[in-house]
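The sequence and the structure are shown first.

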Amino acid sequence: MTPPAQSKPRSKSETTPLGSMPKPAPRTSDAETIKAQILEKLAYAIGKDPIVAKDHDWLAATILALRDRVIDRWMESTRSTYRAQAKRVYYLSLEFLIGRLLRDALSNLELTEPFQDALAGLGVRLDLVEALEPDAALGNGGLGRLAACFMESLASLDIPAYGYGIRYDHGLFRQKIVDGWQMELPEDWLENGNPWEFPRREAAYEVGFGGSVALESAPDGKQRRHWRPAETLLAVAIDTPMVGWRGKRVNTLRLWTARAIDPIRLDAFNSGDYAGALGESNKAELITRVLYPSDSTPAGQELRLRQEFLFTSASLQDILRRHLQQYGDVHSLPEKVAIQLNDTHPAVAVAELMRLLMDVHGLVWKEAWDITQAVTSYTNHTLLPEALESWPVHLFERLLPRHMQIVYAINAKLIGEAQELPSSTPEFLASVSLIDEHGGRRLRMGQLAFVGSHSINGVSALHTSLMKESVFRDLNTLYPGRINNKTNGITPRRWLLGVNPGLMRLLRDTVGDKVLDDAAALSEARPFAKDKAFQDRFAAIKHQNKVALANLIGERLGFSVDPAAMFDVQVKRIHEYKRQLLNILETIALYESIRAHPDRPWVPRVKIFAGKAAASYVQAKLTIKLANDVAAVVNNDPDIRDLLKVAFIPNYNVSLAETIVPAADLSEQISTAGMEASGTGNMKFALNGALTIGTLDGANVEILERVGRDNIAIFGLTAEEVEKKRRTGHDPRAVIAASPDLQGALDSLASGLFSPDDPNRYRPIADSLYNGDWFMVAADFAAYAEAQRNVAAIWRRPSDWTEKTILNTVNMGWFSSDRTIREYARDIWKVPAS
C-alpha cells in the first residue's frame, strides 16, 4: 500500500501575509551600543581585529552597523505599503547619480552624532572613513542627480516607490587629465564590493532579442501573437535602500545586471575553445558594463538599445509580477501603479507594456492601450535632437520584431486620429508620425513616449513652453492638455544640511529647526540679509568652505589659490551649448587686460572648471584641452601677481560637487538660451550663497523671479532672439570685429600663445565661431563680459555682495525637490504625499 503523499511544509513567509509581520523592536542608538555593534561587524562580518583594522575596514563595519537600522525601516515600509494596499510609483531612469550613501543615511536617520562619538571612542574619525566610500558610478550629470534627489524626496514624503535602472560595472568613465587632454578610464567603484547592495536572485527575468513573431492559439481559443526570441538572457535584480528624511520611509532602488542563462558552454570549453565557451556570458554582461557606450558606430547603437530594453523590460515584468501577486488582476493597474519615464531612454516601455498585456496576459488592444496610457507618464529633459533618441527602423525591427509591429499599430492609430483634424496636412501627419521618413527611416522615441503617456511634463517653465512651440508642437495640437510643467528641484538634506552644515546651523539659529523639515521656512531669514552679525557669520562660513576647496585644489592640481579671491565656478557636463568656451574666452580676455593694465584695481579671481566630455565628442574634449592650456599659461605668469588663476579639476562627480558647491562665490549658468531644459546646479549654488551669472534659460528664469533681478546677473540673448538670429541670419564675423576683447582672445588662440607646440590646435574652435556661431558665443560675448565687470563691481562692496548672496539662499526654498515631488504626486501620479 502506498503511503499518502506528504505535503511540503510551508515557510512562515508563505503562510503569513507580508503586511501582518510583527515590527522589530527599536534599536538603541546611544554611542556605546553603536560602538559595540561596529566592533561586532568588524569581527564577524569583516573578520578583522581592531588592532589591525584599516580605515576601509572601519568604513565597511560602520556601513553594516548602520545598514541594520536601515533594513528595519525598509522592511516596515514595505509591509505598510502592503497593509494599506497603497499605489506605488515606479521611476524608470537610465541614471541614478546617488553618490556616497553613508553620510546621507546617517543624516536622514539623525544618527551622525552617535556614530561619530562611537567611532571616536574607537580612535577612528568619521569624516576620514566617509571619504573612503566610492561614488556609485550610476550616472553622468543632471539627469541622474535629479533622479537621486527624487528618490530621496519620495521616501521623505512617505510615497511608496521603486527606482529602476542599471547597475553599471564601470559607470561612464573615470576622467584623467594627461597633458591637458581628457583620458577615459573605467570606474572601479565595485572593485571592493558594495555593502549597500542586496542581490535578489528570485527577481530574475528573461529578456529576449531578435527572432520572429508567430500567430498561436491561446488556451481560450483566441489567436495571439507570440514572440520567439533568437537570443534570451537574464536580468537579475540588485536592491539598494533609499532612506528618507528622519527615516520616515525607506524605498528601494532596484538595479538590473545582465547574465547569460548558461554562463559557460562546456562543450566548447572542453574542445579548447575557451573564448567561445564564454562568448554568450560576455555578450550578456557587456550590456551592463558601461553607461552610455558611444553610439558613433552601429555596434554602439545596438548596445545602447539593448541596454535600454533590458532594464525597461525587466522593470515592467517586475511591476506586473508584484501587482499580480498582491491583486491578481492587471485591470486594476491604473489604480495601483504609476510609471514615470525619466527622459526618452525607457520610452520602449510603451511598446513592451502593450506586448506584456496583450501577448502574455491576454488583453485585447483597447484594454491594453487604455491601461498603458493610464499608468505611464513621461518627463522630457531636452529639446536637443541628439538627446531626443531615435533608432534606425531596421535595427529596432531586427532586435525587437514584436515591438516594431506594436509601434506600427500605434502609429496607424495615431495617424488616423491626426487625419480627423480639419487642419490636417501631409506635413502635419509627417510631423506627428512615430516614424521619421527623412534621411533614413527612424523610430522617434520621444514621440512614442508622448503618445503612450497620459502626462508629458517639462522641467522648467521656459522648457515646457518651448516644448509646446517646437519639438512637440503638432502632438500638442493633436492631444492638447497633456503637456504640463514640473520645475526641477534638489533635496535640501544633501545640498544644504549635508554639504554646508555651518550654513544650516546659522539658519537654524535664526529661524528654528523647522527649516530642517520645510525648505520654505528659509524665507523667514530674509529680514536678516542686511544684519551685520548675520552677514559676518554668513561670510565666515563661506570663507571656511573656500579654504576646504583651496586645499583640495592644492592637493589635486599642485598649486595654491587664495580663498580671499572670488571663486568663479562652472562645473557641469562639457557641451557646446553649456558654453564653457564663452567662459574660457572671457578668461583669456581678462588675462590680456590684466597684463596690459596691471595698475587697475582688478578683483582677484579663481576660475574653476570641472566636467566630463562624452568620449566621442571631439569639440568638447578640445574645450577641456583649451581650459588646461589656458591654466598652464595663466598660472605660471608672475606678471599678473595671482590676480587670476584657472583650475580644471578632473573627474567631476557628486563628492567633488559637495566640496565645490558650498565654496562658490559666482555660479556660471551661461547656456545658450532655449537649450538648457532646467539645470539643477544653478539651484544648488544659489541655495549655498553663490550669485548666479546666467542667461534667461532653463530654471534661471524662475530663480530670477524668486531672488529678484538685483540679486542675479542676467545677460545675453533670449530664447526668442536666439531662434530669430538662427532663422534670419547672424554675421559672427562682424560681431567679432566689433569686439576688441573677443578679437584679441581669438588672435591669442591663433598665435599659439596657449599651444606653442601646435599653433593650429584651436582652429576648429575659431572656425566654429567665425563660420556660424550656432551656440551664440560671439553674439553673447560682449554682454557676458559687461556682466562680469558688473559682478566685479559688486564684489568690491563686501556688504552688498553678502546681502545679495544671502537673499539667494533664503529665497531658494521653492526649489526643493519635495515641492516638485508633491506636484508630481498631486497632478500626475494621484498619490498622497505627507
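Pro 26 is located in the loop that links helix 1 (12-15) to helix 2 (31-46); helices (H or I, at least four residues) and strands (E, at least two) are DSSP runs, numbered from the N terminus. With a relative accessibility of 78%, Pro 26 counts as exposed (over 50% relative accessible area; buried is under 20%, partly exposed in between; 1.4 Å probe, protein chains only). Its C-alpha atom is 8.7 Å from that of Arg 69, 43 residues away along the chain.

The model is predicted: local features need pLDDT of at least 70 and side-chain atom pairs pLDDT 80 or more, whereas totals for chains, interfaces and linings use all residues. Residues are numbered from 1 along each chain as its sequence is written, and side-chain values use heavy atoms, without hydrogens and water.

Helix 25 (residues 580-596) packs against helix 32 (residues 740-751) at about 95 degrees, with the axes 9 Å apart. Axes are lines fitted to C-alpha atoms, for helices over the stretch in contact, and angles run from 0 to 180 degrees between N-to-C directions. The two helices are therefore roughly perpendicular (65 to 115 degrees). The residues in contact (heavy atoms within 4.5 Å) are as follows.

| Helix | Residues in contact |
|---|---|
| Helix 25 | Leu 585, Ile 588, Ala 589, Glu 592 |
| Helix 32 | Asp 741, Leu 742, Ala 745, Leu 746, Ser 748, Leu 749 |

An open antiparallel sheet comprises 3 strands in the order 12-14-13. Strand 13 and strand 14 (residues 442-444) pair over 2 bridges (pairing requires at least two DSSP bridges), and Asp 436 stands opposite Arg 442.

How values were computed. Parallel < 35°, antiparallel > 145°, perpendicular 65-115°, else oblique.
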